[in-house]
Amino acid sequence: LLGLQPPEADPAAEAEAALFFSGNRVPAGAEPAAHCYCGHQFGSFAGQLGDGAAMYLGEVLGPGGERWEMQLKGAGITPFSRQADGRKVLRSSIREFLCSEAMFHLGIPTTRAGTCVTSDSTVLRDVFYDGNPKHERCTVVLRIASTFIRFGSFEIFKPPDEFTGRKGPSVNRNDIRIQMLDYVISTFYPEIQEAYSDNTIQRNAAFFKEITKRTARLVAEWQCVGFCHGVLNTDNMSIVGLTIDYGPFGFMDRYDPEHVCNGSDNTGRYAYNKQPEICKWNLGKLAEALVPELPLETSQLILEEEYDAEFEKHYLQKMRKKLGLIQLELEEDSKLVSELLETMHLTAGDFTNIFYLLSSFSVDIDPSKFEDFLEELTSQCASVEELKVVFKPQMDPRQLSMMLMLAQSNPQLFALIGTKANINKELERIEQFSKLQQLTADDLLSRNKGHWKEWLEKYRVRLQKEIESVGNADAWNTERVKVMNSNNPKYILRNYIAQNAIEAAENGDFSEVRNVLKLLEHPFQEAEGFQEVKEDAEEEGATATAAVCSQESRSRQSYCSKPPLWASELCVT
């Protein structure tokens, strides 16, 4: 993107690159700055936030004439660091580095990661907020995007919030709001600027309509690969529709519509199934921040007319491709998708692997091959042991009993310390866990096969309609498989894969990070040259004997298999 050559072959060039991309040497022409913004965090206005750990270096014109902003994340204290140290650690930096690239190669709009530079300097971090801090290595990631401006950038003008009393630092500075709108629209939406150069309100309305549609399409893409962002605050929403700020994100393994990837999201506000409505809510907050330059009644009408329709349209288009429905667009397709997801949920199926397997199903599959296919499909569903981990009760029975009594006797106090949804979820876990004690592996397999047979018959009927509408069934099937294989990834950045790479890196072996990166660059097929990467990795690994045996045994899990049992214990906050 920036026109730089990889420095690996030249140690002197690599050392120089490390100086620039760790923030120890400022590139010529750079004017480092930190960006001021506000945000609604978990639904409440937090007031002034800003880049507490990110340093903007400037803009670069790439070889193709594209304009890129460069930003160092984790390079130290900024004016917005508050009580923090402005540092990021190896663990979170590797996750951002790998996921930025994974999303790009999945075809999802995202900021990019150029480099990841670590050091021997350490900072103290309490990873799980449980009073057990540990020293971790300081690390800096070079982030690249057309812009890092967010919804929250426009919330700096917000007057005192009626709930929190907090306000933005630039209340009544409409001159800055006008300047920012002019900059954003003329730079990143030039076609809109050109079309409405003589009418500011119409121009601003067209801009809001476009960011509404881009955001709807972005979240539809997330839903179709099982990506959960984790912290969809307004300050983590890009003004040009990119995936931005990779923190406690996670790709969903076992399909669960209520999946929460962020261990500190206690109410499940940013659960997988809530992402579309949360992004719409965030757009509502952006609309409020644009007043008076865009009247609220205008933006609210745009939001209601455009967002849901754009999301549904893009989501269904993508799901049709994932199911190989390439010929016809039928009304019943939406129901077929819903029933597939319901079957996945009932059988605790692996979201990524089940979609990937469906390309090997055909209308005229013979009975013996169908049984083999069914066997393979059900092998991607959770075992009894895995389900026992999933549904293991999380509350002390005495605590649950007390909470239930409190809900009856003092609802106001109960509302302060717990939620009805959390209690209902715990009661459901207890019920499911109890049923699992009597369930055998054979019973589970039989039940799962029944659910999948039922859905596959509906899928077969729908595929038959495709065949009846084409002249050449073989050509159609070849194209169907091709479309499915380019829309259903084989490899995603599962938490356990990232964790293996992080543990190796923390022990001085960076080969696994390179391995995984290579893999994520080819998510839809067996990565070309992956064997060679492994061989190089072994040489580097030989010098890092601290990457202990337990780590090696963990790594032997196939990169495309459903997660091992230990992965359910991983918690990202």
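In strand S7, Thr 139 is the bridge partner of Thr 118; helices (H or I, at least four residues) and strands (E, at least two) are DSSP runs, numbered from the N terminus. The model is predicted, so local features need pLDDT of at least 70 and side-chain atom pairs count only at pLDDT 80 or more, while totals for chains, interfaces and linings use all residues. Residues are numbered from 1 along each chain as its sequence is written, and side-chain values use heavy atoms, with hydrogens and water left out.

**Exercise 1. Decide for Thr 111, Val 483 and Thr 267 whether each is buried or exposed, and list contacts.**

Step 1. Contact means heavy atoms within 4.5 Å. The contact lists below do not count residues up to four places away in sequence.

Step 2. Thr 111 sits in the loop between helix H2 (90-105) and S6. Its relative accessibility is 1%, so Thr 111 counts as buried. Among the residues it touches are Ser 100, Ile 144, Phe 148 and Tyr 246.

Step 3. Val 483 belongs to helix H16 (residues 473-485). With a relative accessible area of 14%, Val 483 is buried. Val 483 touches Lys 321 and Ile 326. From Val 483 to Leu 325 the C-alpha distance is 9.1 Å, although 158 residues separate them in sequence.

Step 4. Thr 267 is in the loop between strand S9 (250-251) and helix H6 (275-289). Thr 267 counts as exposed because its relative accessibility is 52%. Lys 274 and Thr 419 are in contact with Thr 267.

**Exercise 2. Describe the nonpolar cores.**

Step 1. A nonpolar core is a set of buried Ala, Val, Leu, Ile, Met, Phe, Trp, Tyr and Cys residues joined through side-chain atoms within 4.5 Å.

Step 2. The largest core has 115 residues, and those touching the most other members include Phe 154, Phe 208, Leu 358 and Leu 456. Helix H5 (residues 200-225) supplies the largest share of this core, 12 residues.

Step 3. A second, separate core has 11 residues, including Leu 57, Leu 72, Leu 142 and Ile 144.

Step 4. Leaving aside neighbours within four places in sequence, Leu 456 has contacts that include Leu 358, Phe 361 and Phe 370.

**Exercise 3. What is the volume of the largest cavity, and which residues line this cavity?**

Step 1. A cavity is a set of points, on a 1 Å grid over the protein atoms alone, where a 1.4 Å probe fits but cannot get out; lining residues have an atom within 4 Å of a point. A volume is the space filled by probe spheres set on the points, which are joined across faces, edges and corners.

Step 2. The largest cavity has a volume of about 50 Å³.

Step 3. Its lining includes Phe 151, Trp 222, His 229 and Leu 242.

Note on methods: 1 Å grid on protein atoms, 1.4 Å probe; cavity = no way out; pocket = protein on both sides within 12 Å on 5 of 7 lines; lining within 4 Å. Buried < 20%, exposed > 50% of the residue type's maximum accessible area, 1.4 Å probe, protein only. Pairing = 2+ DSSP bridges.
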